Amino acid sequence: MKESLTIVVLLLMSSNFVDSSIAPKKGVDPPAFPLDKCDTGRGWLQYNEHCYKLISPPEGGKSASAIESICEVEGPSKGGSAISFLADVHSQAENDFIAEVVAGGNRAWLGASRFGGNWYWRINVKRGNQEPGLPYTNWKPNEPSNTLNRENCIEINRGPPGRWNDLYCSRKRPGVCKYSIAEWADGVVPK
Ligand SMILES: [Ca+2]
């Protein structure tokens, strides 16, 4: 009896017993909503009131527009229209979540495009908001470089973790999709 108790105590003390995969990631705020609003079985992860998913094609990546087409199909639709697009980013905390948790530190497309010298979040344009500019940015030093005046899309995790780089939209990358839980759930914000 004593012996089996000792074994149990030793097992509990063993570092192998601790599942490090469920430990919170450094620098990432806990989500405000319960983790049951996104389809985790299909790879969607929740952060606050949005769901996120990394699209990582077997060949390593696709152009920004090709990945965005996959986002539209992978996410839910509402009234027959897709509500999932390449991700827009609005805070350092959200950027950390996307960079570390969703993209796992890998370079991946975000949902911005440059038109006429101005940056736009593509989801805003799709919704009829033509206001230029990105209120939050996290550029790598010396970016955006707009090399040859042709770098009209944005990837995350270029150089230091979480940093952004502008590059040719036709380059092959994985990408981060995002949709709003409230929009999906008919405007009812989950409690
Ligand atoms: Ca660049």
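In what sense do S6 and strand S7 (residues 118-121) pair, and over how many bridges? I looked this up before anything else, keeping in mind that the model is predicted. I found S6 and S7 pairing in the antiparallel sense, over four bridges.

Next I followed S6 (residues 108-115) to its pairing with S8, which is antiparallel over three bridges. Here I saw Ala108 opposite Ile156 of S8.

I moved on to S2. I counted six of its six residues as buried. His50, Tyr52 and Leu54 are buried on one side, and Cys51, Lys53 and Ile55 are buried on the other, so I wrote down both faces as covered.

For the partners of S2, I got S1 in the antiparallel sense over three bridges, with Tyr47 opposite His50. The S1–S2 hairpin also has two residues between the strands, and Asn48 takes a positive phi near 50° in it. I found S10 pairing with S2 in the antiparallel sense too, over six bridges; Cys51 stands opposite Tyr179 there.

Last stop was helix H3 (residues 92-102). I listed its buried residues, among them Phe97, Ile98, Ala99 and Val102. What lies over them? I found that the cover of the buried H3 residues includes S1 (45-47), S2 (50-55), S8 (153-156) and S10 (175-180). Just after H3, I noted Gly104 with a positive phi of about 60°.

Methods:
Residues numbered from 1 in each chain as written. Predicted model: local features only at pLDDT ≥ 70, side-chain atom pairs only at ≥ 80, totals over all residues. Buried ≥ 20, exposed ≤ 12 C-beta atoms within 10 Å, placed from the backbone. Contact = placed C-beta atoms within 7 Å. Pairing = 2+ DSSP bridges.
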